[in-house]
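Subject: Handing over the structure

Hi there,

Here is the structure I promised to pass on to you. Have a look at it first, and then read on for what I found.

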Amino acid sequence: VEQLYGQAIAADKVTLNETRKEFEGDFTVVVFPFTKMARKKPDVIGEELGTYLVGAVTEIKSFNVIKGFLNLVIDDAYWASFLKEHYANVHYGVHPSNGRKVMVEFSSPNTNKPLHLGHIRNILLGWATAKIHEAAGYEIQKVQIINDRGIAICKSMLAWERFGEEATPESLGMKSDHFVGHFYVLFEKKFQEEYKAWQVSPEGQELFAEKAKKGQDDTAFFKGFKNTYFNEFSTLGKAAKAMLLQWEAGDEAVIALWKKMNGWVYAGFEVTYKDLGVEFDKLYYESNTYLLGKDTIEKGLSDQIFYQKEDGSVWIDLEDAKLDHKLVLRSDGTSVYMTQDIGTAELRYQDFGAEKMIYVVADEQNYHFKVLFEIMKRLGAPYADGLHHLSYGMVDLPSGKMKSREGTVVDADDLMAEVIGEARANSEERGELSELTTAEQTEIIRAIGLAALKFFIIKVQPKKRMTFDPKESVDMQGQTGPYVQNAYVRIRSVLRKAGEWNPALADTYTSLETIEKDIIAQIYAFPALIVQAAEDYDPSAVANYCYNLAKLYHKFYHDHSILKADTEGAKAFRLMLSTALSNVLRKGMELLGIEMPEKM
RNA sequence: GGCUCCGUAGCUUAAUUGGAUAGAGUACUUGACUACGGAUCAAGAGGUUCCAGGUUCGAGUCCUGGCGGAGUCACCA
């Protein structure tokens with residue numbers, strides 16, 4: 001543009017797209033943006049630019065102009081040499097270190113119950129986001145904050161103490177985190193019973209008469225009154241709150257019970273994480289961090305970033321950021337969730353010095369993180385601009401919203417067992433694995449089942465709320481994880497059968513099929529795709545890319561013979577192409593935490 | 001009620017961030033293995049991209065106003 005029209009133009013102002021299938025070419029330049037500076041018609045500009053590019057860039061063989069779109073045709077020789085250069089590189093697509101650090105926080109469970117479907121989406125997103133950043137050149141640190149204190153775990157503790165009769169996971173034959181969750185649900189059940197009885201008691205009726213709004217029926221009133229009842233009237237609620245106070249005071253018996261219960265939960269979590277194939281570099285425990293942040297509040301107060309009310313509580317005024325006023329310290333001087341998060345952010349920066357910190361947390365906390373990040377900015381934290389909330393939509397069931405207190409959750413362990421069971425049934429029907437040992441079969445079947453589950457969840461853009469249909473999640477045909485695995489397995493099978501082959505023969509193959517070119521062009525796009533997915537915090541882009549690549553390969557495989565190709569050159573070229581594609585598929589899926597088996 | 005997000009084929013979804021005739025999967029109908037793996041491929045049908053305006057050479061995408069759904073607006077976390 002500069003050469004032809006004498007005006008410089010920023011690179012990001014040039015739209016360069018992959019050419020759509022129905023037109024000839026590989027890349028398309030949209031020329032409309034140049035009409036003003038060139039003062040010519042789009043078609044004329046297209047002709048001029050095309051002529052210039054063909055002359056100036058050896059890789060561009062020819063061009064055509066259609067309705068203001070300049071389609072550029074890349075020389076087959078370029079694609080062939082590109083393939084030759086990269087096909088054997090199993091780490092193709094991975095960028096060299098960019099010297100930057102990123103911390104990803106995900107999972108972050110409460111310790112009062114086992115992990116469920118919501119955690120699975122969180123974990124898969126967090127894991128994939130970390131891996132994608134790593135491939136994009138970042139040094140990564142995967143962390144979780146374990147919410148091991150608070151009223152929730154006290155409920156489980158209290159229920160076990162009152163109704164548990166010294167039971168253990170072993171004595172009840174339960175997975176240990178499920179065991180603790182069982183007592184959490186039991187607490188809720190007992191509490192509900194107590195609440196129901198109280199509602200019809202004289203005291204309950206009196207309060208209803210006194211406090212209910214006009215026309216409000218008792219069901220609606222008592223639904224809204226539940227928290228107040230728990231905090232002010234319930235004997236169970238009082239006992240749980242008393243236990244929390246005892247915990248904070250360091251009461252030996254309570255601490256011992258707390259350690260016992262949490263120990264059970266951690267043992268259970270460990271199994272679930274292992275089954276899911278994830279691990280963390282560092283764990284933060286809320287019991288160690290929940291008092292952090294007060295110093296910062298003090299300092300911010302003297303710097304007049306915060307202000308104090310008469311009752312002693314400390315606030316920040318964020319009205320000019322359309323975020324209202326927010327409490328950061330209670331009137332009794334104790335901290336709130338926000339205080340803690342401020343302190344934890346600082347602690348992590350001290351620990352790791354990451355310029356980017358990604359919080360993988362459900363979208364119900366969008367407001368919280370907006371406020372947190374705004375506060376960090378006003379406090380002048382050097383990393384404030386690198387804070388990012390990877391917000392994702394909640395997972396619904398076809399029957400509606402999941403509620404752990406009501407026991408309508410899909411348990412993570414059960415879910416994995418289910419998809420693996422489905423994979424096993426499918427596999428046994430096919431019988432492809434019958435020659436392998438039982439241990440090998442089990443491992444492959446596990447990989448297939450998990451691929452179905454993980455791909456089903458990751459392929460949806462994070463911010464979209466998703467409905468999880470258990471029936472569809474175990475599908476293994478169509479746009480699924482096993483479909484992608486199958487493309488890989490096919491390639492591995494072909495490569496095994498090919499035995500020794502000579503890559504140099506590929507040089508004699510000079511006239512590429514359209515689909516061969518398409519595949520190379522897609523492979524070519526992989527490194528940039530990784531960077532884009534990291535920038536967008538969007539693992540679904542990688543999932544969809546892998547699916548499209550697998551689809552291309554299945555079609556190619558169907559239409560063109562590889563081992564029985566017409567010439568030795570074509571055979572070598574196609575083996576090269578297959579190898580390259582298998583490497584990309586394996587790497588791409590690896591970024592999503594999905595393994596690729598050799599057989600299935 | 002304020003703020004934020006979402007709305008695309010019956011269902012699940014994509015669209016290179018404003019580009020060409022909105023692309024897949026599923027379900028439905030139909031066809032392809034004596035084959036390098038049929039967990040595959042191909043064909044058909046399925047769309048007023050929630051509605052109405054606006055900006056633009058060009059809008060599923062941006063702006064305004066509606067409609068529908070979700071979240072949030074705690075001295076809970």
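Let me start with one pair of residues: V102 has K356 as its bridge partner in β11. The two strands involved, β5 and β11, pair in the parallel sense over four bridges. Here, two strands pair if DSSP finds at least two bridges between them, while helices (H or I, at least four residues) and strands (E, at least two) are DSSP runs numbered from the N terminus.

Before going further, please keep in mind that this is a predicted model: local features need pLDDT of at least 70, side-chain atom pairs count only at pLDDT 80 or more, and totals for chains, interfaces and linings use all residues. Residues are numbered from 1 along each chain as its sequence is written, and chains are lettered from A and ligands numbered from 1 in the order in which they are written.

The parallel sheet

β5 and β11 belong to an open sheet of five strands, with the order β7-β6-β5-β11-β12 and parallel pairing. At its edges are β7 (282-285) and β12 (387-392), each of which pairs on one side only. Neighbouring strands are turned by 25° against each other on average, direction ignored. For such angles, axes are lines fitted to C-alpha atoms (for helices over the stretch in contact), and the angles run from 0 to 180 degrees between N-to-C directions.

Helix α5 (residues 117-135) covers β5, β6, β11 and β12, at about 160° to β11. Helix α16 (residues 337-352) lies across β5, β6, β7 and β11, at about 135° to β5.

The antiparallel sheet

Which order do the four strands of the other open sheet take? They run β1-β2-β4-β3, and their pairing is antiparallel. β1 and β3 (60-66) stand at the edges with a single partner strand each, so one side of each has no neighbour in the sheet. Neighbouring strands here are turned by 30° against each other on average, direction ignored. Six bridges join β3 to β4, and I60 stands opposite I74 of β4. Helix α3 (residues 42-56) lies across β2, β3 and β4, running at about 180° to β3.

A pair of helices

The axes of α21 and α23 come within 9 Å and cross at roughly 45°. The two helices are therefore oblique to each other (angles under 35 degrees count as roughly parallel, over 145 as roughly antiparallel, 65 to 115 as roughly perpendicular and the rest as oblique).

Around the RNA

Finally, 74 residues surround RNA strand B, the closest being R330, Y337, G478, N486 and I562. A residue is near the strand if its C-beta atom, placed from the backbone, lies within 6 Å of it. Elements supplying at least two residues each to this surface include β1 (16-18), β2 (27-30), β4 (69-74), α21 (481-498) and α23 (539-559).

I hope this helps you find your way around.

Best wishes

Conventions: Two residues are in contact if their C-beta atoms, placed from the backbone, lie within 7 Å.
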